Amino acid sequence: SSPWTIGFSSNNFSSQIYGGVLASNSTSYTSLIPNTTYWFRAKVNSEENSSYLINTISSVTYAAIPQNLSIAYKNAYLSNDAELKIAFDFINPPYTLYQVEYSSDSFQNYIFVVGAPPISIPSLLSNTTYTIRLQAIDVLNRTLGYSSYITTSTLAMIPTSVNTSIFETSA
């Protein structure tokens, strides 16, 4: 039998995902939640449970790269009032930070947004083509990279003073 008792948790051992005897000197865990802290502890079977205190480590999984980007549009009433909303697969926890890069030339503009999709990019120029990409940033400020690019155009500005006149003529 193995001399090691282990525990694995995502909430600092308020509860355990796994606890038991380790079959070898190594183990792995799959299907972990992105951007989440996990704790692992081990002790020799014959030691007291207090020995866990000096044999506990934690690690954070990376935030997942946003996938399947799509765009929704908002009407523009001023030349700089256009807005795009980016939707994507909701994989990361809601406290994940996203860096959204957008540009009509080269990537010079970016915003940071915390939360779940959709993410809004406000105050864009109307009737302008933008290229957008984003990355998720985990709680340790690490990233795995950018999403694929998506290129789209904002809606044209809605005219504010359009008048209609009807004239009747006779022949």
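Two strands pair if DSSP finds at least two bridges between them. Strands themselves are DSSP runs of E, at least two residues long, numbered from the N terminus.

What I am showing is a predicted model, in which local features need pLDDT of at least 70, side-chain atom pairs count only at pLDDT 80 or more, and totals for chains, interfaces and linings use all residues. Residues are numbered from 1 along each chain as its sequence is written, and side-chain values use heavy atoms, with hydrogens and water left out.

I'll start with the sheet. It is open, has four strands in the order S2-S1-S3-S4, and its pairing is antiparallel. S2, residues 18–21, and S4 are the edge strands; each has a single partner strand, so one side of each lacks a neighbour in the sheet. On average, neighbouring strands are turned by 15 degrees against each other, direction ignored; the axes here are lines fitted to C-alpha atoms, and angles in general run from 0 to 180 degrees between N-to-C directions.

Going across the sheet, S2 is joined to S1 by four bridges, and glycine 7 has glycine 19 in S2 as its bridge partner. S1, residues 4–9, pairs with S3, residues 37–44, over six bridges.

Now the aromatics. Which residues make up the aromatic cluster? Phe8, Tyr18, Tyr29, Tyr38 and Phe40 form it. Across the whole structure, the search finds six aromatic pairs. Rings of Phe, Tyr and Trp (its six-membered ring) pair if their centres lie within 6.5 Å; planes under 30 degrees apart count as stacked, over 60 as edge-to-face, and the rest as tilted. Phenylalanine 8 and tyrosine 29 are a stacked pair, because their ring centres are 3.9 Å apart and their planes are at 0 degrees. The two residues are 21 apart in the chain, with phenylalanine 8 in S1 and tyrosine 29 in the loop between S2 and S3.

Buried or exposed? Phenylalanine 8 is buried at 6% relative accessible area, while tyrosine 29, at 25%, is partly exposed. Buried means under 20%, exposed over 50%, partly exposed in between, with a 1.4 Å probe and protein chains only.

Last, charges over rings, meaning NZ of Lys or CZ of Arg within 6 Å of the ring centre and within 35 degrees of the ring normal. Arginine 41 lies over the face of phenylalanine 13, 3.8 Å from the ring centre. Arginine 142 has its charged end over the ring of tyrosine 62, at 3.9 Å from the centre.
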